[in-house]
Amino acid sequence: MALRKLLCVALFVIASASLAPGGTANEAPSVVLKFYLQQQFGVNELGMEVVYEFTVTAGKSPQSKVLGYVRGTAIVVNNTAAATTFFVQDVIHYDNGNVRGTLSQQGEAIFSSVPWEYAITGGTGVFRNAYEFNVGRFISSTPTPNGNLITTYYEASVFLDR
């Protein structure tokens, strides 16, 4: 009787695991998006809360091919002398001519030399039901007449639940 219960539990666990969504450690993502985010901030504009729209480009230069834009909010959740941590929630509007749609993402970021990661929590268009993660890293900060242009690089590993 005990052996029978153990086998039933084992079969239930195996069946549940096979039904669970998500890629395995060895499974490649459906799509990997690589892009730069051009973030123009005005003088004294970066405060405790920011609502933004920034341009997504194919290259590091702001003049490179535009792939879309990102709209969202960033809220300072921890501000120390060493670093500022933001909670970020936004939507990436992406169109490279072949792949088109939006990705929703959220997470915490400290914009420093250490990469940060956001959770991809859904999408539209080709990204409908998308999930996984987006890793960003700081590239540069360039003074402009209107403030600073901050450039960051992202690689979004996206699984499409079809």
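**Ground rules**

I am working with a predicted model, where local features need pLDDT of at least 70 and side-chain atom pairs count only at pLDDT 80 or more, while totals for chains, interfaces and linings use all residues. Residues are numbered from 1 along each chain as its sequence is written, and side-chain values use heavy atoms, with hydrogens and water left out.

**Overview**

I started with the secondary structure of the protein chain, which comes to one helix and eight strands. Helices (H or I, at least four residues) and strands (E, at least two) are DSSP runs, numbered from the N terminus. Read from that end, the elements go α-β-β-β-β-β-β-β-β.

Next I checked burial: 33% of the 162 residues count as buried. Buried means under 20% relative accessible area, exposed over 50%, and partly exposed in between (1.4 Å probe, protein chains only). The accessible surface is about 9,800 Å², and carbon and sulfur atoms hold 57% of that. Those areas come from the Shrake-Rupley method with a 1.4 Å probe, and for residues only the protein chains shown count as cover.

I also looked at contacts, meaning heavy atoms within 4.5 Å. Among the contacts with a separation of 6 or more, 43% are between residues 24 or more positions apart.

E4 (residues 84-95) and E5 (residues 100-110) pair in the antiparallel sense over 11 bridges. Gln-89 stands opposite Gln-106 in E5. The hairpin of E4 and E5 has four residues between the strands, and Gly-97 there takes a positive phi near 100°. E5 and E6 form a hairpin too, with five residues between them. In that pairing, I found Leu-103 opposite Gly-123 in E6.

I stopped at Thr-85, which lies in strand E4. Is Thr-85 buried or exposed? It is buried, with a relative accessible area of 9%. Leaving out residues up to four places away in sequence, Thr-85 touches Ile-75, Val-76, Val-77, Asn-78, Glu-108, Ala-109 and Ile-110.

**Gln-105**

Gln-105 is in strand E5 and is buried, at 4% relative accessible area. Which side chains does it meet through polar contacts? One is Asp-90, at 3.0 Å, and another is Asn-134, at 2.9 Å. A polar contact is a pair of N or O atoms within 3.5 Å; within protein, one must be able to donate a hydrogen and the other to accept it, and residues adjacent in sequence count only if both atoms are side-chain atoms. Beyond four places in sequence, Gln-105 also touches residues including Val-88, Ile-92, Tyr-118 and Thr-121.

**The core and its rings**

The largest nonpolar core has 30 residues, and Leu-33, Phe-35, Tyr-94, Leu-103, Phe-127 and Val-158 touch the most other members. E1 (31-42), E2 (49-57), E3 (66-79), E4, E5, E6 and E8 (147-160) each supply at least two residues of this core. Such a core is a set of buried Ala, Val, Leu, Ile, Met, Phe, Trp, Tyr and Cys residues joined through side-chain atoms within 4.5 Å.

Then I counted aromatic pairs and got nine. The rings of Phe-35 and Tyr-154 are stacked, because their centres are 5.5 Å apart and their planes at 20°. Phe-35 lies in E1 and Tyr-154 in E8, so this pair ties together parts 119 residues apart in sequence. Both Phe-35 and Tyr-154 are buried. Tyr-36 and Tyr-153 form a tilted pair, with 4.9 Å centre to centre and 50° between the planes. Rings of Phe, Tyr and Trp (its six-membered ring) pair if their centres lie within 6.5 Å; planes under 30 degrees apart count as stacked, over 60 as edge-to-face and the rest as tilted.

I noted one cluster as well, made of Phe-35, Tyr-94, Trp-116, Tyr-118, Phe-127 and Tyr-154.

**Ser-30**

My last stop was Ser-30, in the loop between helix H1 (2-19) and E1. Ser-30 is partly exposed, with a relative accessible area of 42%. A polar atom of the Ser-30 side chain lies 3.1 Å from the backbone nitrogen of Leu-160.

How values were computed
Pairing = 2+ DSSP bridges.
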